[in-house]
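Let's take a look at this protein chain together.

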Amino acid sequence: MRLKKFLSVALATAMTAALIAGCGGGAAGGSTDSAQAPAADAGAAAPEAPAADAAAPEAPAAEAEAPAAEPSGEPVTIKFQYWADNTDYSQLMQDIIAKFNAENGKGITVVGEEQPWDGGAYSENLFNAKMGGSDVDVSTWKLTSTPLFVNNDLLVDLTPYVDAWASKADIDDNIYSVMKQAGGSDSAMYVMPWNIQVLYVYYRPSYFEQAGVEVPKTYDEFLEACKKCTMKMDTDGDGKADTDVYGFGMRGSKGGQEPWGSFIHAAGGSFEDLTTTDAIKGMQDYIDLYQNGYAPKTAPSDGFQEIIANFKSGITAMTVHHTGSSKEMEETFGDDVSAFAFPAGKGQWTSMGDTETVIFSSCEHPAEAFEWVSYLAAGEGQKMWCEGTGNVPVSKTVAQGDFFQNNRFMKASLDGESFAGILPILDTTTEWISTVWPNTVGQALAGQITAEQCMQTLQSELYK
Amino acid sequence: MNKKKSIYPYLLVAPAVLVILCVVFIPVCNAVLMSFQSYDLRRPKNIAWIHFQNYIEAFGDPLFQSALIRTLLWVLFGVGFQFIFGFILALILNQQFRGRGVVRALSMIPWVTPGVLIGLMWRWIYDGNNGVLNDILLKLGLIQEKIPFLSEVSTAFPAVIVTIVWQGIPFFALMLLAALQGVPQDMYEAADIDGATKLQKLFFITLPSIKNTIFVTVLLRIIWVANSVDVIFNMTEGGPAYSTQTLSVYIYQKANALNLGYASAMAIILALCLLVVVVPYLKMNFSEEK
C-alpha cells in the first residue's frame, strides 16, 4: 500500500512537473519542433559559454587553422541547407547543385537539404540545430542572424578565402562592407553575398489613370496618390463601382518594418534615432494613412500573404514588395501592373532584403565549402538563381545581362539600389522585428499611443 | 505468492515512471535553474546568476501583468464556454436518434484537428477582406460592412476565444457523454414517478451523478488551455497591439527571442499559478484511492 502510495505520489508529482516542463519547454523554445532544441541548448550552451570566452572573438576556431585557399581535390561532401519560397525555386536549387556537382572538377559533392523559411523561424531552428551539434556545413542566410551566431562562435571568417578569390572584384565593395557590419567587425567577414531584393512600390496603372494621378516622384506626391487611389471601383467586371479600393496596402504584421522604414526616412528620420521630430513625423504619416482609411482596415494584422492577396484581388492600388512576387503579379495582371522606387522626401531609403550564405565553423572542409558559396555568389549558380527567382544579383557581370536590363520590376529594383539599406543589425533586432515592432505600431494604429510614444518605445527596445 | 502479485504491477509501471522522471525532470530542473540566471543566448558571455531578478522584473513588466490578466480571461471564458456547449452537446448525443453514431463521430472533428491547422483555418475564416464569416454576416444582413475581426484590438481576443471554444467542445462532450451513460436509468424512472420536471432531473440527478467527471475535465482543460500557444500564435501571434498575448504566448515569444532566463521565470510563475488547479486534482485522486 505504501509502495502504491509512493508511486501515486511520484506520478502525480511528475504530472505537476510536466506542467512546469511544458512551460519550461515553452520557455526553452516553445511548442512542437522548437520545444526540444532549447532543452538541448540548456545543456549545450552553458558549458560552451566559457569556451566562447576562451576563444578570442578575433580568432575564431576556423581562422586559427590557417585556411587552405585551395581545395584538396579529395572527394568531399558538403552538407548544404537552404530554404526556397516555392516548389519552382526548390527544383531550381537542386538543378544548380546538380550542375555544380557535375562540373566543379574538384571532387566536391554538395548535398542540398531544404528547410522551410517558416516566417523567419528558419534562423532560430538553425541556431538550435547547430547548438545541438547539427552537421550542416553551409546554409543560406539572413544578415539579422549574424550577431547571434558570431557571439556563439559558429561561423567561419571568410575574409582569407574572399581575399584569395579570383572574382572578388565582381562584387561591389559596399556589399562586402554591409556583410562585415553584420558581424560587428571591420575586418572579419562571416557572410558571403549571394543576392539581394530591393523593395519597391507595386502599382496598378489603370487605377492611377482612374484616380488621375501620375507615378509619384516625391514623398508628398506618394502620400497624395495613396489618398486619391482610395475610391470605389468596379473590380469584378459587373459594371458596378461597389468595391472599396484602398490607396496603400499596408503591412502591419511582422515584416512591415521594411516599408515602414521608407516612410521614416522620407520624412527625414533615420534608424539611428527614431525619436527625432522628422522620424516622428514619418510615423504620424504612417498612422494617418491607416486612420484616414487609405489602407485596409485589416492592415494591423496584414502580413506578406495578405498584402499580396489584397493587391492581387484589386483591393489595394499600391503595395510594397520585391521581385520575388513579380512573376505572379505579371501572371495576374499582365501589363496592368508596374513598379517604382519609393520616392524621396527629405531623405530616401528602401529596404534591401538580403540573402547570403555562411560556412559553419564545424565544417571540416571550409575551402571546398567556399568553392560552393563562391559559385552561388558570382558563378553560374548566381546567374541561374537570380534569373530563375528574379532576385537582384550581387555579381556585376551577371547584372549586365539582358534579363536584368529589360525588366520593369528589375529596373525599379536597380533604381532603388543606390539608397537601399538594412535595419541596424543588433542582437535585439530579431525580437524587435518579430514582436516589438508589430505590436507597438499596432498600438499606434489603434490610437492607444501617440506617434511619439510609439517611436520612443521602438527606439528603447532596439537599442536596449 | 502474494508478494509477487503486489510487485508485478509496479514493475510494469516502472519504465514509464523512469522515462517520465528522465524526460520531464531534467528540463524542469533546467527551467528552474535558468530562471535564476541572466540566461540570454543573444549575449552568451553575460550569463550569470542573478537570483530573483527575473521574477522581480516580470512582476514590474506591464506586458507580463496584462498577459497574466488576459490568461485568466482566456481560461475563464475559454473553458467556461467549452463546458457549457460541451455539456449541451453531450445531452443531445445522449438522446436516441437516427444517425447518432455519425453525428458523434463528426462532432469530434475540431478536437482531432491540429491546433496549428485550426489557427490557420480560423484566421482565414475571420479575414477582414476575403473571410467567409464576413461574407455570411453581410449576406444575412447582420452587418453593413466587413469587420476586421483579427485586426482590431476590441474583436481579436473574443475571436480567438471563440476558436478555442470551438476546438474544446468535443472533448467536454466526449467526457460528459461517457459519464452520462453511466447514470442509472432507474433514478430517472423513480423521478418520473415522483413527478419531477426535466430541469429538476438535470439538477438533482444528472449533475450530481457526473460531478466528478465535470470536475476532472474542467481541471484538465484549465491546465491545457492556460498552456496553449498554437491557436493564438497561428492566428494573431499575440497581436494586434498585444491584445491576444496570453502568458504562454509571451513566454513563447521571449523564449524564441532566446531570453531563456526571463522566459523560464515567467513559466515557473505560470506553473505556480496552475498549482491552484493541480492541488485539488491531486487531492481528488488521493481521496478516490482511499
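## A walk through chain A

Chain A has 21 helices and 12 strands. Keep in mind that you're looking at a predicted model. The chain counts 464 residues, and 50% of them are buried. Now think about contacts between residues at least 6 apart in sequence: in chain A, 75% of these join residues at least 24 apart.

Time to zoom in. One open sheet in chain A is built from 5 strands, in the order β6-β7-β8-β5-β9, and its pairing is mixed. Which strands stand at the edges? They are β6 (231–233) and β9 (338–340) of chain A; each has a single partner strand, so one side of each is left without a neighbour in the sheet. Neighbouring strands here are also turned against each other, by 35° on average if you ignore direction.

What holds strands of a sheet together? They pair through backbone hydrogen bonds, and the pairing can be parallel or antiparallel. Here are some pairs from this sheet:

| Strand pair | Bridges | Direction |
|---|---|---|
| β6(A) and β7(A) (243–249) | 3 bridges | antiparallel |
| β5(A) (200–203) and β8(A) (316–321) | 4 bridges | antiparallel |
| β5(A) and β9(A) | 3 bridges | antiparallel |

M231(A) has V245(A) in β7(A) as its bridge partner. Over in β8(A), V320(A) stands opposite V201(A). And which residue in β9(A) is the bridge partner of Y203(A)? That's S338(A).

Note on methods
Residues numbered from 1 in each chain as written. Chains lettered and ligands numbered in written order. Predicted model: local features only at pLDDT ≥ 70, side-chain atom pairs only at ≥ 80, totals over all residues. Helix = DSSP H or I, 4+ residues; strand = E, 2+ residues; numbered from the N terminus. Buried ≥ 20, exposed ≤ 12 C-beta atoms within 10 Å, placed from the backbone. Contact = placed C-beta atoms within 7 Å. Pairing = 2+ DSSP bridges. Axes fitted to C-alpha atoms, helices over the stretch in contact; angles between N-to-C directions.
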